[in-house]
Amino acid sequence: MKKFIVETYYTCTFKTVHSLNDLNDNELSKIDQRKDGEVEVIDVKLNNRKTKRVGDKKNEEVSNQNSENKTATKLTEKIIVTRNENKINNSNNIKIKNKSRFKMPDRRKGYIQKAQIGDHKVYLHTGEYDDGKIGEIFIDTNKEGELVKAMMNNFAIAISLGLQYGVPLDEYVDAFIDTKFEPSGKVLGNDRILSASSILDYVFRELAISYLGREELAHTPSISSSKNITEESTDDKFLKIVKNITSKGFVRSNYEEKLVDLSDVRINLKTKN
């Protein structure tokens, strides 16, 4: 009488659940070393079933090794896949959390530009961060109804929120330049823009010229020199103080040229040590 052994192989998929107080890189880097996780079995599958004769030790050992290697390989692959998925999900959560709003300071710089497009007066208000970057706008008109005024105010709020969440001003400029609707036509009161196809075309031309240096959008050449003074190429303490307290949009980044007009009233800021 011959004797046989039936061998059955299973694959068990499980996951380890850890509880995190804070979702950050420090906690994620230590998660592999933690031993307080709860193990949950996800799935158990039957791989194969073999029948062997008793006594054939060589074949039995070889088959056992092969089956163990296959099972270990499958388990390793599944563990790697689940870990990669968890890392991707955690990284996405961290990226979303880091996209926070950079709120404007309570006391801020900026300027007001009054202009007239056709028979309509438009007042553009801007607000800046301490470094001179624009963070908000307000648009007021005089001959519009309550509905249009409310729409323009809420449009300005939407643009301001986008700027505070990191949307580049270039994106808005490219989106709203050359939009066409009434009022449109000749522009009075702005020394760089002579005509506009709409209020939005005028507003974003003004912002592009004042904050981005987009001279190709202006209708008149800049009176000041084209020297780039954004780099700290001077040690003038007075100029640095002026940059901190002056609206970048108001002077259109031409700090040195604007100081020429104030040369007669320049104050000596040297302190006694």
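1. Starting at the E6/E7 pair: Lys186 has Ser195, in strand E7, as its bridge partner. Strand E7 covers residues 195-196 and runs antiparallel to E6, joined by 2 bridges. Strands here are DSSP runs of E with at least two residues, helices are runs of H or I with at least four, and both are numbered from the N terminus. Two strands count as paired if DSSP finds at least two bridges between them. The E6/E7 hairpin has 6 residues between its strands, and Gly189 takes a positive phi near 100 degrees there.

2. Before going on, a word on the source: this is a predicted model, with local features needing pLDDT of at least 70 and side-chain atom pairs counting only at pLDDT 80 or more, while totals for chains, interfaces and linings use all residues. Residues are numbered from 1 along each chain as its sequence is written, and side-chain values use heavy atoms, with hydrogens and water left out.

3. On to the other neighbour of E6 (residues 185-188): strand E3 (residues 112-117) is joined to E6 by 2 bridges, in the antiparallel sense. Ile117 stands opposite Val187 of E6.

4. Strand E3 is also joined to E4 (residues 120-128), antiparallel, by 6 bridges. Gln116 has Lys121 of E4 as its bridge partner. These two strands make a hairpin with 2 residues between them, where Gly118 in the turn has a positive phi of about 65 degrees.

5. E4 then pairs with E5, again antiparallel, over 7 bridges. Here His125 faces Phe138 of E5 as its opposite number. This hairpin has 5 residues between the strands, and Gly132 in the turn shows a positive phi of about 95 degrees.

6. Have a look at Asp140 in strand E5. Is Asp140 buried or partly exposed? Partly exposed, because its relative accessibility is 34%; the cut-offs are under 20% for buried, over 50% for exposed and partly exposed in between, with a 1.4 Å probe and protein chains only. Leaving aside residues up to four places away in sequence, Asp140 touches Lys121, Val122, Tyr123, His125 and Asn153, where contact means heavy atoms within 4.5 Å.

7. Helix H3 (residues 146-164) has 19 residues and spans 27 Å from first to last C-alpha, close to the expected 27 Å; that expectation is 1.5 Å times one less than the number of residues. Its buried residues are Met152, Ala156, Ile159, Ser160, Gly162, Leu163 and Gln164. They pack against strand E5 (134-141), helix H4 (169-176) and helix H5 (199-212). Just after H3, Gly166 has a positive phi of about 100 degrees.

8. Last, the surface. Tyr10, Phe14, Val39, Val41, Val44 and Leu46 make a nonpolar patch of about 580 Å². Strands E1 (4-17) and E2 (38-53) are the elements that give two or more residues to this patch, and E2 gives the most, with 4. Patch residues have over 30% relative accessible area and no salt bridge; nonpolar side chains (Val, Leu, Ile, Met, Phe, Trp, Tyr) are joined within 5 Å, like charges within 9 Å. A salt bridge is a side-chain nitrogen of Lys or Arg within 4 Å of a carboxyl oxygen of Asp or Glu. Areas come from Shrake-Rupley with a 1.4 Å probe, and for residues only the protein chains shown count as cover. Val44 sits in strand E2 and counts as partly exposed because its relative accessibility is 48%.
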